[in-house]
Each structure stands twice: as C-alpha cells, then as structure tokens.
Amino acid sequence: ELIRAAVTTQSSLKDATFCTTTPRWDAYGKQDAYEALMDKTKLARGWGDCYGHILVATGRADLMVDPELSPWDCAALVPILREAGGHFLDWSGEETIYTGDGFSVNAALKNDVLQVLSGKNDIV
C-alpha cells in the first residue's frame, strides 16, 4: 500500500519540533534567529543535511532551517515539500534554491518562521 508523504498540521511554534544542521549559526551572522527558534519551539534537534528536510516532508518534524545551503544540497526539496503539502523557501520567503539559505515547513507555521528569521520575534 502506497502511503503519501505529508507535512504536519502543527500551527504553533511553541509545540513545534525544530531541526537544523548546525548550531553554529554565528558563523553565518544568524545567531539571533537560531536563539529565537530555540526559545520559541518545543523541541530542537540537529539532523545532518537534507535528512531534517525529509523529516518535515514526512510529518516527523515541523520545521528544518539551514543558515547555509548550496543549490545542489536542496534542489530536490522544492518538489518533495510541495508534493507533501509544505514549503521549501529561502529566508525571505521565496521558493528558490539559489540564495544560500533555506527552510522546510508546513503551511501553518510558514509565516511565523518567516517572522523569526527576519528578526521580528514578537510572536508567541
């Protein structure tokens, strides 16, 4: 029996599982975003490279954020996340693989994550 991959329906960051490849976001000048996501999510885990993005696509995590990505690291993620009902976006909210950063997320958390990544940390 074929089972479709699907993102979660989690709509609250405070109950979300956040994954990232590296905790050293300071090396990319993005430490504030990392700390804000750590503070605003229920659980944080480190997963190597694209594995965390696939956890999002299969409903095992709510968001995966990478402060640095090459196009070859994430090219397959756009159609996979789209097909699973989620999004693969850069930190400005564009569906692209060419800006050097990216995140995978369900539709319900997308705007909250974009706010945190842009430095607007007033969400709960």
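**View 1. Helix H1 and its buried residues in this predicted model.** Let's start with helix H1, which spans residues 31-40 and has Ala-33, Tyr-34, Ala-36, Leu-37 and Lys-40 buried. Looking down the axis of H1, we find these buried residues within an arc of 165°, so they line one face of the helix. What do the buried residues of H1 pack against? Their partners are strand S1 (17-20), strand S3 (63-66) and helix H5 (110-117).

**View 2. An aromatic cluster that includes Trp-25 and Tyr-34.** Here, ring pairs join Phe-18, Trp-25, Tyr-34 and Trp-91 into a cluster. In the model, the count of aromatic pairs comes to four. Take the pair formed by Trp-25 and Tyr-34: their ring centres are 5.3 Å apart and their planes meet at 50°, so the pair is tilted. Is Trp-25 buried or exposed? Trp-25 counts as buried because its relative accessibility is 0%, and Tyr-34 is buried too, with a relative accessible area of 13%. Have a look at Trp-91 as well: Lys-30 lies over its face, at 4.2 Å from the ring centre.

**View 3. The surroundings of Trp-25.** Setting aside neighbours within four places in sequence, Trp-25 is in contact with Phe-18, Tyr-34 and Trp-91, and also with Thr-20, Lys-30, Gln-31, Ala-33, Leu-37, Val-65 and Pro-67.

**View 4. The largest nonpolar core, and a second one.** Which of the 19 residues in the largest nonpolar core touch the most other members? They are Trp-25, Leu-37, Leu-63, Val-65, Phe-103, Val-113 and Leu-117. At least two residues of this core come from each of H1, S3, strand S5 (102-106) and H5. In soluble globular proteins, nonpolar side chains tend to be buried together.

**View 5. Ser-104, a buried residue of strand S5.** Our last stop is Ser-104, which lies in strand S5. Ser-104 counts as buried because its relative accessibility is 0%. Which side chain joins that of Ser-104 in a polar contact of 2.6 Å? The partner is the side chain of His-53. Beyond neighbours within four places in sequence, the contacts of Ser-104 include His-53, Val-56, Asp-62, Leu-63 and Met-64. Leu-81, His-87 and Phe-88 are also in contact with Ser-104.

Terms used
Residues numbered from 1 in each chain as written. Predicted model: local features only at pLDDT ≥ 70, side-chain atom pairs only at ≥ 80, totals over all residues. Heavy atoms only, no water. Phe/Tyr/Trp six-rings, centres within 6.5 Å; stacked < 30°, edge-to-face > 60°. Buried < 20%, exposed > 50% of the residue type's maximum accessible area, 1.4 Å probe, protein only. Lys NZ or Arg CZ within 6 Å of the ring centre and 35° of its normal. Helix = DSSP H or I, 4+ residues; strand = E, 2+ residues; numbered from the N terminus. Arc of directions from axis to C-beta. Contact = heavy atoms within 4.5 Å. Core = buried A, V, L, I, M, F, W, Y, C linked by side-chain atoms within 4.5 Å. Polar contact = N/O pair within 3.5 Å; in protein donor to acceptor, adjacent residues only side chain to side chain.
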